[in-house]
Amino acid sequence: MFFHSALLGKARILPHVPSFPNPPPRPPTVCKFSSSADIPTLPPPTSAYVHLPFCRKRCHYCDFPIIALGSSSSSSSPSQENDPRIANYIHLLLQEIEATKPASHDQQPLETVFFGGGTPSLVPPPLVALVLDALRSKFGMCTDPEISIEMDPGTFDRGRLEELLALGVNRVSLGVQAFQEELLRACGRAHGWKEVYEAIEIVTGCDGLENWSMDLISSLPHQTPEMWEESLSQVVDARPTHVSVYDLQVEQGTKFGQLYTPGEFPLPTETQSANFYKMASETLTKAGYSHYEISSYCKSGYECKHNLTYWQNRSFYGFGLGSTSYINGVRFSRPRRLKEYIDWVQKVSDGMVGHDATSVGSKDMAMDVVMLSLRTARGLDLSSFGRSFGDCLALSLCKALRPFVESGHVVAIDGDRKSLSFQDFEQQLNDDYEIGSKVAFIRLSDPDGFLLSNELISIAFGVISP
(Lines give C-alpha, C1' and ligand atoms only; values in the text may rest on other atoms or scores of the structure.)
Protein backbone atom coordinates (compact mmCIF):
# COMPACT_ATOMS: atom_id res chain seq x y z
CA MET A 1 0.00 0.00 0.00
CA PHE A 2 1.10 3.53 -0.73
CA PHE A 3 -0.99 5.36 1.85
CA HIS A 4 1.39 7.84 3.41
CA SER A 5 1.61 10.24 6.29
CA ALA A 6 2.45 13.56 4.66
CA LEU A 7 -0.51 13.20 2.31
CA LEU A 8 -2.93 13.65 5.18
CA GLY A 9 -1.12 15.86 7.63
CA LYS A 10 -2.27 14.94 11.12
CA ALA A 11 -5.22 12.99 9.77
CA ARG A 12 -3.16 9.86 9.51
CA ILE A 13 -3.95 9.05 13.17
CA LEU A 14 -6.50 6.32 12.56
CA PRO A 15 -9.13 5.05 14.99
CA HIS A 16 -8.07 2.28 17.31
CA VAL A 17 -9.77 -0.92 16.19
CA PRO A 18 -10.54 -3.95 18.40
CA SER A 19 -10.48 -7.42 16.87
CA PHE A 20 -13.67 -8.81 15.40
CA PRO A 21 -15.09 -11.41 17.78
CA ASN A 22 -15.45 -14.83 16.15
CA PRO A 23 -15.31 -13.65 12.53
CA PRO A 24 -17.30 -15.79 10.09
CA PRO A 25 -15.35 -17.73 7.47
CA ARG A 26 -14.43 -15.75 4.39
CA PRO A 27 -16.40 -16.91 1.33
CA PRO A 28 -14.46 -18.04 -1.73
CA THR A 29 -13.43 -15.33 -4.14
CA VAL A 30 -15.63 -15.21 -7.24
CA CYS A 31 -12.77 -14.04 -9.42
CA LYS A 32 -9.22 -12.81 -8.99
CA PHE A 33 -7.85 -9.39 -9.78
CA SER A 34 -6.87 -9.13 -13.42
CA SER A 35 -3.27 -7.98 -13.76
CA SER A 36 -4.19 -6.66 -17.19
CA ALA A 37 -6.71 -4.20 -15.76
CA ASP A 38 -6.11 -0.70 -17.03
CA ILE A 39 -5.07 1.93 -14.52
CA PRO A 40 -7.80 4.58 -14.44
CA THR A 41 -6.67 7.92 -15.82
CA LEU A 42 -6.70 10.57 -13.09
CA PRO A 43 -7.42 14.21 -13.94
CA PRO A 44 -4.68 16.77 -13.25
CA PRO A 45 -4.31 17.98 -9.65
CA THR A 46 -6.39 20.88 -8.39
CA SER A 47 -5.13 20.68 -4.80
CA ALA A 48 -1.81 21.52 -3.15
CA TYR A 49 -0.52 20.51 0.29
CA VAL A 50 2.22 22.76 1.71
CA HIS A 51 4.18 21.52 4.71
CA LEU A 52 5.28 24.24 7.15
CA PRO A 53 7.21 22.18 9.70
CA PHE A 54 7.84 24.70 12.49
CA CYS A 55 6.74 23.96 16.06
CA ARG A 56 7.58 25.44 19.42
CA LYS A 57 8.42 21.92 20.61
CA ARG A 58 7.78 18.33 19.59
CA CYS A 59 4.69 16.77 21.13
CA HIS A 60 5.19 13.40 22.79
CA TYR A 61 3.04 11.56 20.20
CA CYS A 62 4.41 13.26 17.07
CA ASP A 63 6.59 11.53 14.48
CA PHE A 64 6.13 14.13 11.72
CA PRO A 65 9.09 15.92 10.15
CA ILE A 66 9.25 19.17 12.11
CA ILE A 67 11.71 21.92 13.08
CA ALA A 68 11.46 22.89 16.76
CA LEU A 69 11.96 26.63 17.22
CA GLY A 70 11.85 26.65 21.01
CA SER A 71 8.92 26.82 23.40
CA SER A 72 9.26 30.61 23.78
CA SER A 73 8.08 31.16 20.20
CA SER A 74 4.67 32.79 20.02
CA SER A 75 2.66 35.09 17.82
CA SER A 76 4.11 38.11 19.63
CA SER A 77 7.74 37.01 19.64
CA PRO A 78 9.88 39.54 17.67
CA SER A 79 12.61 36.95 17.12
CA GLN A 80 10.14 34.64 15.43
CA GLU A 81 9.21 37.28 12.86
CA ASN A 82 12.84 37.44 11.77
CA ASP A 83 13.85 33.84 12.43
CA PRO A 84 16.22 32.93 9.58
CA ARG A 85 15.19 29.26 9.84
CA ILE A 86 11.67 30.17 8.75
CA ALA A 87 12.75 32.59 6.02
CA ASN A 88 15.30 30.13 4.62
CA TYR A 89 12.75 27.34 4.53
CA ILE A 90 10.20 29.50 2.73
CA HIS A 91 12.89 30.31 0.17
CA LEU A 92 13.33 26.55 -0.37
CA LEU A 93 9.59 26.12 -0.82
CA LEU A 94 9.50 28.89 -3.42
CA GLN A 95 12.43 27.29 -5.20
CA GLU A 96 10.68 23.91 -5.24
CA ILE A 97 7.39 25.37 -6.50
CA GLU A 98 9.18 27.27 -9.26
CA ALA A 99 11.02 24.10 -10.36
CA THR A 100 7.84 21.99 -10.43
CA LYS A 101 6.26 21.48 -13.83
CA PRO A 102 2.44 21.49 -14.05
CA ALA A 103 1.09 17.97 -14.34
CA SER A 104 -0.42 18.59 -17.80
CA HIS A 105 -0.66 21.18 -20.55
CA ASP A 106 -4.31 21.77 -19.66
CA GLN A 107 -3.54 22.39 -15.99
CA GLN A 108 -6.70 23.34 -14.12
CA PRO A 109 -6.38 26.10 -11.50
CA LEU A 110 -5.97 25.09 -7.88
CA GLU A 111 -9.21 24.72 -5.95
CA THR A 112 -7.73 23.93 -2.53
CA VAL A 113 -4.52 24.75 -0.70
CA PHE A 114 -3.75 23.27 2.71
CA PHE A 115 -0.95 24.61 4.93
CA GLY A 116 -0.16 21.74 7.31
CA GLY A 117 2.59 21.15 9.81
CA GLY A 118 4.10 21.45 12.18
CA THR A 119 2.39 24.63 13.33
CA PRO A 120 1.90 26.82 10.26
CA SER A 121 0.57 29.71 12.37
CA LEU A 122 4.16 30.29 13.53
CA VAL A 123 5.06 31.44 10.00
CA PRO A 124 4.66 35.22 9.57
CA PRO A 125 1.80 36.09 7.18
CA PRO A 126 4.06 37.94 4.68
CA LEU A 127 5.94 34.66 4.13
CA VAL A 128 2.67 32.74 3.73
CA ALA A 129 1.74 35.36 1.12
CA LEU A 130 4.90 34.57 -0.84
CA VAL A 131 3.95 30.89 -1.03
CA LEU A 132 0.38 31.66 -2.13
CA ASP A 133 1.68 34.07 -4.78
CA ALA A 134 4.08 31.40 -6.07
CA LEU A 135 1.31 28.77 -6.28
CA ARG A 136 -1.01 31.21 -8.01
CA SER A 137 1.67 32.21 -10.51
CA LYS A 138 2.71 28.63 -11.28
CA PHE A 139 -0.60 26.76 -11.33
CA GLY A 140 -3.33 29.37 -11.24
CA MET A 141 -6.09 29.52 -8.65
CA CYS A 142 -9.85 29.42 -9.05
CA THR A 143 -11.99 32.40 -8.09
CA ASP A 144 -13.06 30.95 -4.73
CA PRO A 145 -10.45 28.45 -3.52
CA GLU A 146 -10.54 26.76 -0.13
CA ILE A 147 -7.33 27.84 1.62
CA SER A 148 -6.81 26.11 4.96
CA ILE A 149 -4.16 26.62 7.61
CA GLU A 150 -3.45 24.71 10.81
CA MET A 151 -3.09 26.93 13.88
CA ASP A 152 -2.22 26.07 17.48
CA PRO A 153 -3.43 27.99 20.54
CA GLY A 154 -0.83 30.44 21.78
CA THR A 155 0.79 30.94 18.36
CA PHE A 156 -1.45 33.69 16.98
CA ASP A 157 -3.41 36.73 18.00
CA ARG A 158 -6.32 38.51 16.34
CA GLY A 159 -4.00 40.66 14.24
CA ARG A 160 -2.17 37.67 12.81
CA LEU A 161 -5.42 35.87 11.99
CA GLU A 162 -6.81 38.96 10.26
CA GLU A 163 -3.61 39.24 8.21
CA LEU A 164 -4.00 35.63 7.07
CA LEU A 165 -7.65 36.17 6.14
CA ALA A 166 -6.63 39.21 4.09
CA LEU A 167 -4.32 36.92 2.10
CA GLY A 168 -7.23 34.65 1.16
CA VAL A 169 -7.06 32.07 3.95
CA ASN A 170 -10.69 31.14 4.60
CA ARG A 171 -10.48 27.97 6.69
CA VAL A 172 -8.70 27.45 10.03
CA SER A 173 -7.93 24.11 11.66
CA LEU A 174 -7.38 24.68 15.39
CA GLY A 175 -5.19 22.07 17.09
CA VAL A 176 -6.78 21.94 20.54
CA GLN A 177 -6.37 18.17 21.23
CA ALA A 178 -7.71 18.37 24.83
CA PHE A 179 -9.35 20.80 27.27
CA GLN A 180 -7.66 19.50 30.42
CA GLU A 181 -4.40 21.06 31.59
CA GLU A 182 -3.03 17.74 32.85
CA LEU A 183 -3.63 16.02 29.50
CA LEU A 184 -2.06 18.86 27.53
CA ARG A 185 1.04 18.68 29.74
CA ALA A 186 1.14 14.88 29.47
CA CYS A 187 1.12 15.20 25.66
CA GLY A 188 3.95 17.71 25.67
CA ARG A 189 1.75 20.37 24.09
CA ALA A 190 3.21 23.89 24.20
CA HIS A 191 -0.16 25.45 25.09
CA GLY A 192 -2.42 25.20 28.14
CA TRP A 193 -6.18 25.36 28.62
CA LYS A 194 -6.20 29.17 28.99
CA GLU A 195 -4.62 29.54 25.55
CA VAL A 196 -7.21 27.13 24.16
CA TYR A 197 -10.09 29.35 25.28
CA GLU A 198 -8.26 32.48 24.11
CA ALA A 199 -7.76 30.92 20.66
CA ILE A 200 -11.43 29.94 20.41
CA GLU A 201 -12.45 33.47 21.35
CA ILE A 202 -10.18 34.93 18.66
CA VAL A 203 -11.42 32.55 15.95
CA THR A 204 -15.11 32.90 16.75
CA GLY A 205 -14.86 36.68 17.10
CA CYS A 206 -13.05 37.29 13.82
CA ASP A 207 -15.29 38.80 11.16
CA GLY A 208 -15.18 37.01 7.84
CA LEU A 209 -14.18 33.59 9.21
CA GLU A 210 -17.04 31.14 9.40
CA ASN A 211 -15.31 27.93 8.29
CA TRP A 212 -13.14 26.54 11.07
CA SER A 213 -12.29 23.14 12.47
CA MET A 214 -11.19 21.82 15.83
CA ASP A 215 -8.95 18.79 16.46
CA LEU A 216 -9.28 16.44 19.44
CA ILE A 217 -7.29 13.34 20.38
CA SER A 218 -8.81 10.47 22.34
CA SER A 219 -7.19 7.55 24.21
CA LEU A 220 -4.48 9.72 25.77
CA PRO A 221 -2.57 8.52 28.85
CA HIS A 222 -4.73 8.81 32.00
CA GLN A 223 -7.68 10.13 29.98
CA THR A 224 -11.00 9.22 31.59
CA PRO A 225 -14.48 9.01 30.06
CA GLU A 226 -15.40 12.08 32.12
CA MET A 227 -12.51 14.05 30.61
CA TRP A 228 -13.49 12.96 27.11
CA GLU A 229 -17.12 13.86 27.71
CA GLU A 230 -16.03 17.31 28.93
CA SER A 231 -13.87 17.88 25.83
CA LEU A 232 -16.69 16.89 23.50
CA SER A 233 -19.07 19.18 25.37
CA GLN A 234 -16.64 22.09 25.06
CA VAL A 235 -16.36 21.47 21.32
CA VAL A 236 -20.13 21.49 20.89
CA ASP A 237 -20.34 24.75 22.87
CA ALA A 238 -17.65 26.36 20.68
CA ARG A 239 -19.69 25.49 17.56
CA PRO A 240 -16.95 24.95 14.96
CA THR A 241 -18.20 24.04 11.51
CA HIS A 242 -15.90 20.99 11.40
CA VAL A 243 -14.46 18.61 14.00
CA SER A 244 -11.66 16.06 13.60
CA VAL A 245 -11.44 13.32 16.24
CA TYR A 246 -8.29 11.22 16.19
CA ASP A 247 -7.43 8.22 18.30
CA LEU A 248 -3.89 8.21 19.68
CA GLN A 249 -1.50 5.92 17.84
CA VAL A 250 1.75 5.25 19.69
CA GLU A 251 4.51 5.57 17.10
CA GLN A 252 8.02 4.18 17.38
CA GLY A 253 10.66 6.83 17.88
CA THR A 254 8.36 9.17 19.81
CA LYS A 255 8.47 9.83 23.55
CA PHE A 256 5.17 7.99 23.94
CA GLY A 257 6.71 5.10 22.01
CA GLN A 258 9.44 4.91 24.64
CA LEU A 259 7.06 5.19 27.59
CA TYR A 260 3.93 3.24 26.71
CA THR A 261 2.65 0.01 25.22
CA PRO A 262 -0.72 0.26 23.45
CA GLY A 263 -3.55 -1.26 25.47
CA GLU A 264 -1.61 -1.15 28.73
CA PHE A 265 -2.13 1.32 31.58
CA PRO A 266 -2.02 4.33 31.61
CA LEU A 267 -3.28 4.04 28.03
CA PRO A 268 -6.89 2.88 27.71
CA THR A 269 -7.82 -0.65 26.71
CA GLU A 270 -9.19 -1.43 23.26
CA THR A 271 -12.70 -1.50 24.71
CA GLN A 272 -12.23 1.90 26.35
CA SER A 273 -10.86 3.34 23.10
CA ALA A 274 -13.88 2.01 21.23
CA ASN A 275 -16.17 3.62 23.80
CA PHE A 276 -14.40 6.97 23.33
CA TYR A 277 -15.07 6.69 19.60
CA LYS A 278 -18.73 5.83 20.16
CA MET A 279 -19.12 8.76 22.57
CA ALA A 280 -17.75 11.14 19.95
CA SER A 281 -20.02 9.79 17.23
CA GLU A 282 -23.12 9.99 19.41
CA THR A 283 -22.36 13.42 20.91
CA LEU A 284 -21.41 15.14 17.67
CA THR A 285 -24.21 13.56 15.64
CA LYS A 286 -26.77 14.74 18.21
CA ALA A 287 -25.24 18.22 17.96
CA GLY A 288 -25.96 18.34 14.23
CA TYR A 289 -22.62 17.21 12.80
CA SER A 290 -22.47 14.77 9.90
CA HIS A 291 -19.96 11.94 10.37
CA TYR A 292 -18.79 12.13 6.76
CA GLU A 293 -15.39 10.45 7.21
CA ILE A 294 -14.06 8.03 9.79
CA SER A 295 -12.32 10.79 11.81
CA SER A 296 -14.23 13.83 10.54
CA TYR A 297 -17.52 15.54 11.35
CA CYS A 298 -19.01 18.67 9.86
CA LYS A 299 -22.02 20.92 9.73
CA SER A 300 -23.94 20.74 6.45
CA GLY A 301 -21.81 21.97 3.55
CA TYR A 302 -18.58 22.28 5.55
CA GLU A 303 -16.71 19.13 4.54
CA CYS A 304 -13.01 19.82 4.11
CA LYS A 305 -12.73 20.05 0.33
CA HIS A 306 -8.99 19.51 0.45
CA ASN A 307 -9.21 16.27 2.41
CA LEU A 308 -11.93 15.01 0.06
CA THR A 309 -9.17 15.03 -2.56
CA TYR A 310 -7.51 12.26 -0.58
CA TRP A 311 -10.65 10.29 0.25
CA GLN A 312 -11.63 10.30 -3.43
CA ASN A 313 -8.13 9.21 -4.50
CA ARG A 314 -7.61 12.24 -6.73
CA SER A 315 -4.27 13.71 -7.77
CA PHE A 316 -2.60 16.46 -5.72
CA TYR A 317 0.61 18.42 -5.43
CA GLY A 318 2.72 18.29 -2.29
CA PHE A 319 5.46 20.74 -1.34
CA GLY A 320 7.89 20.87 1.54
CA LEU A 321 9.79 18.69 3.94
CA GLY A 322 8.51 15.09 3.99
CA SER A 323 5.49 15.81 1.80
CA THR A 324 4.22 13.66 -1.05
CA SER A 325 2.64 14.39 -4.42
CA TYR A 326 0.33 12.04 -6.31
CA ILE A 327 0.37 12.86 -10.02
CA ASN A 328 -0.43 10.73 -13.07
CA GLY A 329 -0.57 7.58 -10.96
CA VAL A 330 2.87 8.20 -9.44
CA ARG A 331 3.72 9.21 -5.87
CA PHE A 332 6.71 11.50 -5.28
CA SER A 333 8.04 11.78 -1.74
CA ARG A 334 10.42 14.38 -0.36
CA PRO A 335 13.15 13.73 2.23
CA ARG A 336 12.11 14.02 5.88
CA ARG A 337 15.43 15.50 7.04
CA LEU A 338 16.10 19.18 6.37
CA LYS A 339 19.66 18.79 5.06
CA GLU A 340 18.55 16.10 2.61
CA TYR A 341 15.55 18.19 1.57
CA ILE A 342 17.83 21.16 0.86
CA ASP A 343 20.00 18.96 -1.39
CA TRP A 344 16.90 17.53 -3.06
CA VAL A 345 15.46 20.96 -3.90
CA GLN A 346 18.77 21.98 -5.43
CA LYS A 347 18.79 18.85 -7.62
CA VAL A 348 15.24 19.53 -8.78
CA SER A 349 16.15 23.14 -9.56
CA ASP A 350 19.17 21.96 -11.54
CA GLY A 351 16.96 19.74 -13.69
CA MET A 352 17.86 16.47 -12.02
CA VAL A 353 14.87 14.26 -11.23
CA GLY A 354 15.67 13.78 -7.57
CA HIS A 355 12.26 12.31 -6.72
CA ASP A 356 11.73 9.13 -4.75
CA ALA A 357 9.01 7.99 -7.15
CA THR A 358 6.69 5.03 -6.78
CA SER A 359 4.36 4.05 -9.60
CA VAL A 360 0.98 2.89 -8.40
CA GLY A 361 -0.10 -0.25 -10.26
CA SER A 362 -3.71 -1.14 -10.94
CA LYS A 363 -3.88 -3.57 -8.01
CA ASP A 364 -2.47 -0.99 -5.60
CA MET A 365 -4.85 1.63 -6.95
CA ALA A 366 -7.80 -0.72 -6.44
CA MET A 367 -6.72 -1.24 -2.84
CA ASP A 368 -6.33 2.51 -2.33
CA VAL A 369 -9.81 3.15 -3.73
CA VAL A 370 -11.36 0.55 -1.44
CA MET A 371 -9.56 1.75 1.68
CA LEU A 372 -10.20 5.44 1.10
CA SER A 373 -13.83 4.95 0.05
CA LEU A 374 -14.68 2.77 3.05
CA ARG A 375 -13.35 5.51 5.34
CA THR A 376 -16.22 7.74 4.19
CA ALA A 377 -19.96 7.84 4.76
CA ARG A 378 -20.48 7.79 0.99
CA GLY A 379 -18.75 4.43 0.78
CA LEU A 380 -17.50 2.50 -2.23
CA ASP A 381 -19.20 3.28 -5.54
CA LEU A 382 -19.58 -0.21 -7.00
CA SER A 383 -20.38 0.94 -10.55
CA SER A 384 -17.30 3.16 -10.71
CA PHE A 385 -15.13 0.46 -9.14
CA GLY A 386 -16.49 -2.13 -11.58
CA ARG A 387 -15.76 0.08 -14.58
CA SER A 388 -12.19 0.62 -13.43
CA PHE A 389 -11.25 -2.80 -12.11
CA GLY A 390 -13.89 -5.22 -13.36
CA ASP A 391 -17.49 -6.02 -12.37
CA CYS A 392 -16.45 -9.51 -11.32
CA LEU A 393 -14.06 -8.11 -8.71
CA ALA A 394 -16.75 -5.75 -7.40
CA LEU A 395 -19.08 -8.73 -7.02
CA SER A 396 -16.35 -10.63 -5.17
CA LEU A 397 -16.03 -7.76 -2.70
CA CYS A 398 -19.77 -7.80 -2.06
CA LYS A 399 -19.75 -11.54 -1.45
CA ALA A 400 -16.72 -11.34 0.84
CA LEU A 401 -18.44 -8.67 2.94
CA ARG A 402 -21.83 -10.46 2.92
CA PRO A 403 -21.50 -11.75 6.54
CA PHE A 404 -20.83 -8.21 7.73
CA VAL A 405 -23.86 -6.85 5.92
CA GLU A 406 -25.82 -9.46 7.86
CA SER A 407 -24.15 -8.44 11.16
CA GLY A 408 -24.76 -4.73 10.46
CA HIS A 409 -21.12 -3.69 10.21
CA VAL A 410 -21.45 -3.05 6.46
CA VAL A 411 -24.40 -1.24 4.90
CA ALA A 412 -25.62 -1.82 1.35
CA ILE A 413 -27.10 1.30 -0.30
CA ASP A 414 -29.13 1.75 -3.48
CA GLY A 415 -28.79 4.51 -6.06
CA ASP A 416 -31.10 6.80 -4.07
CA ARG A 417 -28.80 6.48 -1.02
CA LYS A 418 -31.35 4.31 0.82
CA SER A 419 -30.15 1.44 2.97
CA LEU A 420 -31.07 -2.04 1.80
CA SER A 421 -32.09 -4.88 4.07
CA PHE A 422 -29.84 -7.90 4.24
CA GLN A 423 -32.48 -9.91 2.41
CA ASP A 424 -32.58 -7.39 -0.47
CA PHE A 425 -28.79 -7.33 -0.58
CA GLU A 426 -28.51 -11.12 -0.66
CA GLN A 427 -31.14 -11.40 -3.34
CA GLN A 428 -29.04 -9.22 -5.62
CA LEU A 429 -25.94 -11.39 -5.29
CA ASN A 430 -26.69 -13.93 -7.97
CA ASP A 431 -24.98 -14.92 -11.17
CA ASP A 432 -27.03 -12.45 -13.18
CA TYR A 433 -26.40 -9.53 -10.87
CA GLU A 434 -25.41 -6.34 -12.65
CA ILE A 435 -23.03 -4.29 -10.50
CA GLY A 436 -24.60 -1.04 -9.39
CA SER A 437 -28.11 -1.86 -10.62
CA LYS A 438 -29.59 -2.16 -7.12
CA VAL A 439 -26.66 -2.30 -4.70
CA ALA A 440 -24.97 0.94 -5.77
CA PHE A 441 -22.70 1.48 -2.75
CA ILE A 442 -21.36 -0.36 0.25
CA ARG A 443 -20.24 1.57 3.31
CA LEU A 444 -19.23 0.84 6.89
CA SER A 445 -21.85 1.46 9.57
CA ASP A 446 -21.40 4.24 12.11
CA PRO A 447 -19.91 3.67 14.62
CA ASP A 448 -19.57 -0.13 14.77
CA GLY A 449 -18.40 -0.65 11.19
CA PHE A 450 -15.98 2.28 11.37
CA LEU A 451 -14.52 0.80 14.55
CA LEU A 452 -13.74 -2.41 12.69
CA SER A 453 -12.49 -0.61 9.58
CA ASN A 454 -8.99 -2.08 9.65
CA GLU A 455 -10.25 -5.66 9.69
CA LEU A 456 -13.02 -5.11 7.15
CA ILE A 457 -10.68 -3.31 4.76
CA SER A 458 -8.16 -6.12 5.25
CA ILE A 459 -10.80 -8.63 4.13
CA ALA A 460 -11.42 -6.51 1.03
CA PHE A 461 -7.68 -6.44 0.36
CA GLY A 462 -7.66 -10.23 0.55
CA VAL A 463 -10.11 -10.32 -2.34
CA ILE A 464 -8.02 -7.98 -4.49
CA SER A 465 -4.69 -9.61 -3.61
CA PRO A 466 -5.35 -13.12 -2.22
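Author: Contact means heavy atoms within 4.5 Å. Helices (H or I, at least four residues) and strands (E, at least two) are DSSP runs, numbered from the N terminus. This is a predicted model, where local features need pLDDT of at least 70, side-chain atom pairs count only at pLDDT 80 or more, and totals for chains, interfaces and linings use all residues. Residues are numbered from 1 along each chain as its sequence is written, and side-chain values use heavy atoms, with hydrogens and water left out.

Reader: How many helices and strands does the protein chain have?
Author: The protein chain has 19 helices and 17 strands.

Reader: What makes a residue buried or exposed?
Author: Buried means under 20% relative accessible area, exposed over 50%, and partly exposed in between (1.4 Å probe, protein chains only). Of the 466 residues of the protein chain, 57% count as buried.

Reader: Why is A68 called partly exposed?
Author: Its relative accessible area is 43%. That value lies between 20% and 50%, so A68 is partly exposed. A68 sits in strand β3 (residues 67–68).

Reader: Which residues does A68 touch, not counting those up to four places away in sequence?
Author: A68 touches C55, R56, K57 and R85. As for G118, A68 is 50 residues from it in sequence and 8.8 Å from it in space, C-alpha to C-alpha.

Reader: How do you know that helix α15 is largely enclosed by the rest of the structure?
Author: Helix α15 spans residues 391–400, and seven of its 10 residues are buried, so the rest of the structure largely encloses it. The buried ones are L393, A394, L395, S396, L397, C398 and A400. They pack against α13 (362–374), β15 (380–381), α14 (382–389), α16 (402–407), α17 (422–428) and α19 (453–464).

Reader: Which residues of α15 meet α19?
Author: L393, S396, L397 and A400 in α15 meet I459, A460, V463 and I464 in α19. By class, these are seven nonpolar, one polar and no charged. Ala, Val, Leu, Ile, Met, Phe, Trp, Tyr, Cys and Pro count as nonpolar, Asp, Glu, Lys and Arg as charged, and the others, Gly among them, as polar.

Reader: What is the angle between α15 and α19?
Author: α15 and α19 pack at about 140°, with axes 9 Å apart. That makes α15 oblique to α19. Axes are lines fitted to C-alpha atoms, for helices over the stretch in contact, and angles run from 0 to 180 degrees between N-to-C directions. Under 35 degrees counts as roughly parallel, over 145 as roughly antiparallel, 65 to 115 as roughly perpendicular and the rest as oblique.

Reader: Why are α4 and α5 called roughly parallel?
Author: The axes of α4 (residues 125–139) and α5 (residues 158–167) come within 10 Å and cross at roughly 15°. That is under 35 degrees, so α4 and α5 are roughly parallel. P125, P126, V128, A129 and L132 of α4 make the contact with R160, E163, L164 and L167 of α5. The classes are seven nonpolar, no polar and two charged.

Reader: What makes β15 and β16 edge strands?
Author: Three strands form an open sheet in the order β15-β17-β16, with antiparallel pairing. β15 and β16 (410–413) each have a single partner strand, so one side of each is left without a neighbour in the sheet.

Reader: How do you know that β16 pairs with β17?
Author: Two strands pair if DSSP finds at least two bridges between them. Four bridges join β16 to β17 (residues 441–444), so they pair. The bridge partner of A412 in β17 is I442.
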